[in-house]
Amino acid sequence: MLVHQGTRLAELTTLAVGGPVERLVEVHDADELVAAVRDADAAGRPLLVLGGGSNVVAPDAGWPGDVVAVRSRGVVRTGDALEVQAGEPWDDLVAHTVAEGLAGMEALSGIPGSTGATPVQNVGAYGQEVAQTITAVRVLDRRDGSVRTLSPADCGFGYRDSALKRNPGAFVVLTVTFGLTASELSMPVGYAELAKRLGVEVGQRAPLADVRAAVLELRRGKGMVLDPADPDSRSAGSFFTNPVVPASMAVEGCPSWPAGDDVKLSAAWLVQHAGFGRGTRDGHVGTSSRHSLALTTEPGATADELLAFAGRVVDAVRERFGVTLVPEPTAVRP
């Protein structure tokens, strides 16, 4: 493993905010990751584990301890199952499954970050989520120092949620195993916008490569594919989850979808109609010029500035519609 000084969290996160790191530890396999975490815990140093840095708002004060950057790589196929190292870039993995004729994650193309982060958030988009394909998650349990394997039931997956997320800091993901389906066609397309782009009906299938290309095109149109030349991609993707509320709280005119006995509302619509439409700026932060749900930063932005802006969005939506938005990224603190 490699240890660096002088790095700033802004260099390690897609929102490009965050102060200096006391010790940056780069690990390149699961054993190094376990050793780095155990070392920090034994010494009592504050620990932040980072993959692609695409789902965090890092503190302006920096990190007074160890930041472990997970750079482990590797994909092992057994039948139609893939065991993937935590540091494997997520979109590289999706591209690999499409090339190998394995269906199940093609609609998750273009999402930034690393594979190890996906079960924590139960990452999802365009009608798919990783809970549909994850069969096992191998973790280091920091509460007792053991390495063990979690089943999907152990993971307690929910909408953009999991038991790993509900117990912050308790688990460090080492590998994730996915059970996929050998097919040149996608899983049934479950999202109307994607189905329309593909020219199929919701519930129909399409060639894997076509689904991947269509998703990437849709995401690029919203500034949600990382691109150094695109200022709209200097974000954490969708900043708020779509709120799930009782049917009695449905907002007139707001797009919604059934969610059991409740309804899921469009957070983007709520943000826009609360007065924070695309391109709304305040100082160095604001909404993307192409999608009101993405909050973006400009050079010179701070985490405090971004979080204050997000708080004003939450307050405006609550005041206007009586609905509380919940951020997707984690605002980390030592």
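These notebook entries record what I looked up in the structure.

**Entry 1: the model.** I noted that this is a predicted model, in which local features need pLDDT of at least 70, side-chain atom pairs count only at pLDDT 80 or more, and totals for chains, interfaces and linings use all residues. Residues are numbered from 1 along each chain as its sequence is written, and side-chain values use heavy atoms, with hydrogens and water left out. Helices (H or I, at least four residues) and strands (E, at least two) are DSSP runs, numbered from the N terminus.

**Entry 2: helix α2.** I looked up which residues of α2 are buried, meaning under 20% relative accessible area, with exposed being over 50% and partly exposed in between (1.4 Å probe, protein chains only). They are W90, L93, V94, T97 and V98. These residues lie on the same side of α2, because they cover an arc of only 140° around the axis; the arc is that of the directions from the helix axis to the C-beta atoms. I then listed the elements against which the buried residues of α2 pack: β6 (75-78), β7 (81-85), β8 (102-103), α3, β13 (171-179) and α7. Just after α2, G101 has a positive phi of about 70°.

**Entry 3: α2 against α7.** Two packed helices are described by the angle between their axes and the distance between the axes. For α2 (residues 90-99) and α7 (residues 208-221), I recorded an angle of about 150° and axes 9 Å apart. Axes are lines fitted to C-alpha atoms, for helices over the stretch in contact, and angles run from 0 to 180 degrees between N-to-C directions. The angle makes α2 roughly antiparallel to α7; the term applies over 145 degrees, while under 35 counts as roughly parallel, 65 to 115 as roughly perpendicular and the rest as oblique. Contact means heavy atoms within 4.5 Å. On the α2 side I found D91, V94, A95 and V98, which meet L208, A209 and R212 in α7. By class, this contact has five nonpolar, no polar and two charged residues. Ala, Val, Leu, Ile, Met, Phe, Trp, Tyr, Cys and Pro count as nonpolar, Asp, Glu, Lys and Arg as charged, and the others, Gly among them, as polar.

**Entry 4: T175.** I located T175 in strand β13. T175 counts as buried because its relative accessibility is 2%. Leaving aside neighbours within four places in sequence, T175 is in contact with E83, V84, Q85, A86, A136, V137 and R138.

**Entry 5: two positive phi values.** N122 is not a glycine, yet I read a positive phi of about 50° for this residue. N122 sits in the loop between α3 (118-121) and β9 (124-125), and at 0% relative accessibility N122 counts as buried. Y126, also a residue other than glycine, has a positive phi near 50°. The loop between β9 and β10 (128-129) holds Y126, which is buried at 9% relative accessibility.

**Entry 6: a four-stranded sheet.** I traced an open sheet in the order β15-β21-β20-β19, with antiparallel pairing; two strands pair if DSSP finds at least two bridges between them. The edge strands, β15 (235-238) and β19 (281-282), each pair on one side only. Between β15 and β21 (residues 294-297) I noted two bridges, and S235 stands opposite T296 in β21. Helix α9 (residues 303-321) packs on the sheet and touches β19, β20 (285-287) and β21, its direction making about 35° with that of β20.
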